[in-house]
Amino acid sequence: MFVMRSYNRPYLGVAIFFFLFLQLLTIGSAQANPRYAAIVIDVESGDVLHQANADATRYPASLTKMMTLYMLFEALENGTIRLNQPLPVSAHAASMPASKLWLAAGSTITAEEAIKALVVRSANDVAVVVAEALGNTESGFARMMTQRANELGMTSTVFRNASGLPDNAQVTTARDMATLSIRVMQDFPQYYHYFSTQSFTYRGTTHTSHNRLLRNYAGADGLKTGFIRASGFNVATSAIRNDRRIVSVVMGGFTAASRDTHMADLLDRGFARLSMLQRGDWIAQADVLGDSMQLPDSPPPSDRQLAAAPEAIGQPESGERRLSFQSEMGVEMGSADDPIRALIAQADSPRATYQADMSRASSGGNWAVQVGAFNDPDQARHLATRAADQLAGFMRDLRVSVAESEGERRVFRARLVDLQESDAHSACNSLRAQGMDCMVVAHY
């Protein structure tokens with residue numbers, strides 16, 4: 001929050017400009033990017049570790065190609081297609097706009113080359129080649145994709161093409177894209193390693209992936225990026241740490257860099273929370289998150305292990321602590337400078353536009369902000385105190401409470417109490433922007 005203080009006259013005009021700019025940014029942010037959505041899932045349990053607009057309609061962009069690949073993997077498994085089988089390139093396929101492999105009409109590309117081209121190059125011409133090989137026409141293949149997606153539980157998804165190129169009727173949700181990501185891994189573990197491919201050479205030209213998370217985030221081992229102007233920057237990422245796998249989807253990023261920053265931050269927080277859950281520290285997570293996904297049935301145990309990638313992706317050794325993401329320029333990722341995180345707080349509630357009014361002392365009320373629930377009262381108090389410290393810049397005299405719940409098991413709820421309802425919502429929005437989950441509850 002920008003606070004006006006005493007400035008030397010030469011800097012006063014600059015200060016006033018930035019103040020007005022930030023005010024306009026805050027007021028208009030909810031309308032500035034209605035594209036944002038995200039979800040983070042623990043694959044083993046189906047617990048939703050974070051979500052924002054997870055069921056809101058969004059454009060998939062090139063995340064569509066994960067479904068195209070899913071259909072191709074099914075064809076490989078049932079023998080309709082072979083990995084070394086040449087697939088013909090039609091004039092329609094060759095006419096697709098970039099990104100593309102620049103295939104010539106009348107030429108061919110093998111199914112395995114097509115897989116790599118879709119993952120690494122996100123080639124739109126190759127997507128149409130696959131569509132026509134499996135569905136005769138791209139439109140017919142899109143209907144097949146939609147039907148199969150619905151069968152997989154992706155009930156909010158409609159496909160109109162195989163590439164993700166702009167089409168107002170081609171829509172999905174972050175939750176559906178997470179479902180697809182998990183189904184790809186669980187249904188076709190023998191092909192999942194393709195999603196970790198960083199480069200491939202086709203007819204003398206080497207193509208490099210623009211999925212930088214695979215190179216820069218320890219434990220990330222696959223899936224897909226996507227962008228069209230209407231969607232913003234999308235990414236689906238799977239990462240594993242200490243034998244636990246998380247799948248996360250971010251949609252509507254402002255830039256590829258901010259999208260990757262935010263994804264790294266979500267993964268870091270997801271793994272940190274999983275660690276707490278495994279230790280039994282955070283036993284009442286449903287009090288904060290309250291959601292889980294019905295995941296598909298797991299394959300038989302002998303088939304569950306994902307096939308190893310040709311080149312191992314860097315993963316932290318057991319016990320290694322790596323909870324930050326380093327960009328190629330050495331800037332720490334997952335920081336409070338991520339514009340997407342600021343957008344979440346601003347768009348969560350219209351009350352956020354009045355956050356500047358909260359620089360007063362907290363007044364007595366019957367509402368509270370709950371930030372967690374623990375077995376240990378000291379841990380609960382520590383987290384509540386930390387939340388109060390994070391809000392100290394614009395809200396004074398916050399009262400920390402550790403309330404013991406009734407029941408057979410002792411659970412201690414970490415809360416900031418005695419708030420007015422509007423203040424509680426604004427405080428929770430601010431905490432979310434800083435990476436701390438919370439919820440507003442009545443407190444008497």
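These legends walk through close-up views of a predicted model.

**View 1. Met177 and helix 7.** Which residues does Met177 touch, not counting residues up to four places away in sequence? They are Pro60, Leu63, Met66, Met154, Phe159, Thr172, Val249 and Met251. Helix 7 covers residues 174-187. From its first C-alpha to its last, this helix of 14 residues reaches 20 Å, close to the 20 Å expected at 1.5 Å a residue. Because 13 of its 14 residues are buried, helix 7 is largely enclosed by the rest of the structure.

**View 2. Ala56 in its loop.** Look for Ala56 in the loop between strand 2 (48-52) and helix 2. Its relative accessibility is 25%, so Ala56 counts as partly exposed. Leaving aside neighbours within four places in sequence, Ala56 is in contact with Thr172 and Thr173. The C-alpha atom of Ala56 is also separated by 8.9 Å from that of Arg175, although the two residues are 119 residues apart along the chain.

View 3. Strand 1 (residues 37-42) runs antiparallel to strand 2 and is joined to it by 4 bridges. To find your way along this pair, note that Ala38 stands opposite Ala52 in strand 2.

**View 4. A cluster of aromatic rings.** Tyr70, Phe73, Phe188, Tyr191, Tyr192 and Phe195 form one aromatic cluster. The structure as a whole holds 7 aromatic pairs. In one of them, the rings of Phe73 and Phe195 have centres 6.3 Å apart and planes at 85°, so this pair is edge-to-face. Phe73 belongs to helix 2 and Phe195 to the loop between helix 7 and strand 5 (199-202), so the pair ties together parts 122 residues apart in sequence. Both Phe73 and Phe195 are buried. Phe188 and Tyr191 make a tilted pair, 6.4 Å centre to centre with 40° between the planes. Phe188 counts as buried at 6% relative accessibility, and Tyr191 counts as buried at 10%.

Note on methods:
Residues are numbered from 1 along each chain as its sequence is written. This is a predicted model: local features need pLDDT of at least 70, side-chain atom pairs count only at pLDDT 80 or more; totals for chains, interfaces and linings use all residues. Side-chain values use heavy atoms; hydrogens and water are left out. Contact means heavy atoms within 4.5 Å. Helices (H or I, at least four residues) and strands (E, at least two) are DSSP runs, numbered from the N terminus. The expected span of a helix is 1.5 Å times one less than its number of residues. Buried means under 20% relative accessible area, exposed over 50%, partly exposed in between (1.4 Å probe, protein chains only). Two strands pair if DSSP finds at least two bridges between them. Rings of Phe, Tyr and Trp (its six-membered ring) pair if their centres lie within 6.5 Å; planes under 30 degrees apart count as stacked, over 60 as edge-to-face and the rest as tilted.
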